Structures are given as structure tokens and as C-alpha cells.
Amino acid sequence: MTKNKGIHYSWIVLLVTFIALLFVQGIRLSFGAFIEPWEESFEASRAQITSVSLVSYLVFAVLQPFVGRIMDRVGVKRVVIWSIVVVGAAMILTAFATKPWQIVLLYGVMASIGFGGMSNVVGTLVVAKWFTVKKGFAMGIMSAGTATGQFSVVPLSILMIEAIGWKLTVMILGMIVLIVLLPIILLLFKASPKEKGIEPYGGALPETVPVSPGGNSLTSKPKGSFFLQRPFLFLFFSFFICGFTTVGLIDTHLVPFAQYCGFTAATAGAAVSTLALFNFSGTIVSGYLSDKWDSRWMLGGLYGLRGLTIIILIVIVHEQRFFTFFLGQTELLFIFAISFGIVDFATVAPTMKLASEYAGKTIIGFMIGLLFFGHQIGAALGSFIPGVLFDQTGSYDITFVTAIILCLAASIMCFMLPRPKQV
């Protein structure tokens, strides 16, 4: 294959990255499917079980700022390979857990080290190296790998748990990672165009230095000053809220919430599949539009819409009687799945695009790592706090109201972001 004929190898790498995120992040997002089975198996409270996700997301979060630096030292491919091995081994070992603390150790710590090594940080850096044009579109496809994992792995986990139990389910998931995914990575994954002796898709571009709205390069200022600037702070806190309301709250608690409302496992799984399907579509479209539209306005609108969709969950529990003449609880659940799915991971591509425009090449990897660190801290709190509140109040009401307010705050921050400039 040459760079002028056939499919450019950047698309092969993008596809392989997509598949890796599908498996690894799909397993990570399946945590919600195991909440009730682990509660019953270990006779534990929801707060105890969601403490596993708290530890998991914290481990994931702490790793994010350092993933790029680790890859610089040992190589991207080596980090990806070992991350996949760790995830597969951890899932198989989880099948032998007999106490909650063992789940915390195996899933919360061990598997999460693997999740952190094969995350969107890796995907974003791979896209940055392999694409000089259509970056937003490529980032959308990369992010859609996680959405596809949500679409396929999460419902599969729900059905497998129902059919064969959680122990065999985690063992089979671990074996799939080691037997199917690992060989694909070993054969096809390339960390950069240099490994193939070709240029990135779109060709090499001349060096540019992103600058702040005042005309000063972000990289020319002291590091402490950079962290105090509005572009970083508003992106960081809005992405923190993104993690709280998506991976933390909805992706972790939608299945137990549906079961709390009396829906069957099949209905809950179908709702997750529907959400993931529209998540996939929304992520791809968002990536495409981020190359054409102002990403600041896109993000502001996406967070605002996300807050509106969460209102539907409150309606399902409390105000459904006003809709019975044309909608029932099941229909409302699927309306939520569709509307939330559209705006779920759709924030990733415009956020990463803005980050790459605000930061220079010397700090882009570190900035992306910090943004995902904030995202996963939000996810940790968004998974754990609702579990504690549910144990105390018997409902998700306070959590949903808080999430709506947070989405509104994120929307305002994104509308207030300055316009990136380049020289």
C-alpha cells in the first residue's frame, strides 16, 4: 500500500482504535448491569457496590494526565497491548471474587488501570498523529467506538447475566478481550505514520502556534497561568460535568433505575441499546459538524439539551399520569434513551477540537489528559453519590435535579468560552 493508492492507512488505524475502544470501554460501561447482581450475591448495599465504580473512576482519572507521558517513554502500542491484557485478566479473575473488597481490587483497581491505558486519551493522540485534515470527523468516529461498545457490550452483558449469571459473564468478556481484540492490535495497530513510512492523512502541515484571545500564546505563559485561564478552566469544569451526567450518572444508573421503576431486564437492555445507537449517530454527526460549526456554541447547546432530557426521568417516576392518554412509562423511557443518546458522547469531539486549538503542541497531550482527568472525577462522583442518595432516600430525585442544574451551568460556561485564534 502506498500513500497515493487505495485506502490511506490512517483509516485502518482509526478502525482498529474504534474496535479497541468498543471492547475495552464497552466493558467499563457495563458496570451498571452488575450493580443488582453484586448487591444480591454479596448481600451489599447500593452504596457499597457503587464504591467499586468510585474507585474505578478515580483510578481511571488519576491515570489520564500521565498516559501521554508513559506512552512517550515506552511507546503507544506497548501501552495499548498491556492495557488490553490487564483488562482481560482482571475480568477473568473477577469471576472468582467472593467478597466486595475483591471486586474493588480486581475491577475497581486492576481493570481500571487497563481502562485508563486504552481510553479516549490514546484515541485522541492517535487521531492527532494520523490526521491533519478531518480531525473533528475522525475524533467523532473514534469516540463512537465507546458508544458502539455501549450499544453492544452493555445489553449483551445484561442478557448474559440474566441467562448464565454474572460470574460466567465476566469470564467470557475477559476471554473475548484476550482472544479476539489482542491479536487485532498486535497485527494492525500502528502508533504513528512514521511506523509505515508515510505522511498523515492530509499531509504534513506547517507548525502553528495556537494563541489566546488576547493574542498571547498559551504555551508562552507560565504553566500556573495557563491553568488559571478561562479556556482551560471552563473546558475543564464543563467536561467534569459531562462525566458526572453521562458515564457517572446515566451510564451507571440507567439500568438499576429502570429496574427500580419495574422494567424487565430485557426492556432495560433495549433502552440501553437504543441510547447507544443514537449515541453512536450523535457522536459521528457531532464530529462532522465540529469541523464546520463553532464548537463553543455546539457545546453550549448540547449541555442545555442534555439537561432537558434528564427531566424525562423525573416525569417517568412522578408525572407519568399526565401522559397516559398517549404515552406510557415504557414509551417515555425510550424517548429519554433517544434524546439523551443524541447528546451523550457528542460533547467529546468539539471539546477535544477546542482543546487542540487553545493549547500548543508542547502541552496538548497534557491538557487532554487533564480534561479527561476532570471528566473521570466527575464520573466517579456521578456514579457513587447517586448510590448513597438512593440508599438514604429510596429515589434518584435529588440526583436528577442536581444533574439538570449542572448541565445548565456547563452550557453557560461553554457559551462564555473565548474564540480560539491562530497565527
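Two rings of Phe, Tyr or Trp (for Trp, its six-membered ring) make a pair if their centres lie within 6.5 Å; planes under 30 degrees apart count as stacked, over 60 as edge-to-face and the rest as tilted. By this rule the count here comes to 22 aromatic pairs.

Before you click around: this is a predicted model, where local features need pLDDT of at least 70 and side-chain atom pairs count only at pLDDT 80 or more, while totals for chains, interfaces and linings use all residues. Residues are numbered from 1 along each chain as its sequence is written, and side-chain values use heavy atoms, with hydrogens and water left out.

**Stop 1: Trp 38 and Tyr 107**

Select these two rings: their centres are 6.0 Å apart and their planes sit at 75°, so the pair is edge-to-face. Trp 38 is in helix α2 (residues 31-42) and Tyr 107 in helix α5 (residues 100-117), so the pair ties together parts 69 residues apart in sequence. (Helices are DSSP runs of H or I, at least four residues, numbered from the N terminus.)

Are these two buried or exposed? Trp 38 counts as buried at 1% relative accessibility, and Tyr 107 does too, at 3%. Buried means under 20% relative accessible area, exposed over 50%, and partly exposed in between (1.4 Å probe, protein chains only).

**Stop 2: α2 against α8**

Show helix α8 (residues 166-188) beside α2: they pack at an angle of about 130°, with their axes 11 Å apart. Axes are lines fitted to C-alpha atoms, for helices over the stretch in contact, and angles run from 0 to 180 degrees between N-to-C directions. Which residues make the contact? From α2 come Phe 34, Pro 37, Trp 38, Ser 41 and Phe 42, and from α8 Trp 166, Thr 169, Val 170 and Leu 173. Contact means heavy atoms within 4.5 Å.

**Stop 3: Tyr 260 and Tyr 396**

Tyr 260 is partly exposed at 35% relative accessibility, whereas Tyr 396 is buried at 1%. The two form an edge-to-face pair, 6.3 Å centre to centre with 75° between the planes.

**Stop 4: charges over rings**

Pick Arg 46, which lies over the face of Phe 390 at 4.6 Å from the ring centre. Then try Lys 196, over the face of Tyr 9 at 4.4 Å. To qualify, NZ of Lys or CZ of Arg must be within 6 Å of the ring centre and within 35 degrees of the ring normal.

How values were computed. Helix = DSSP H or I, 4+ residues; strand = E, 2+ residues; numbered from the N terminus.
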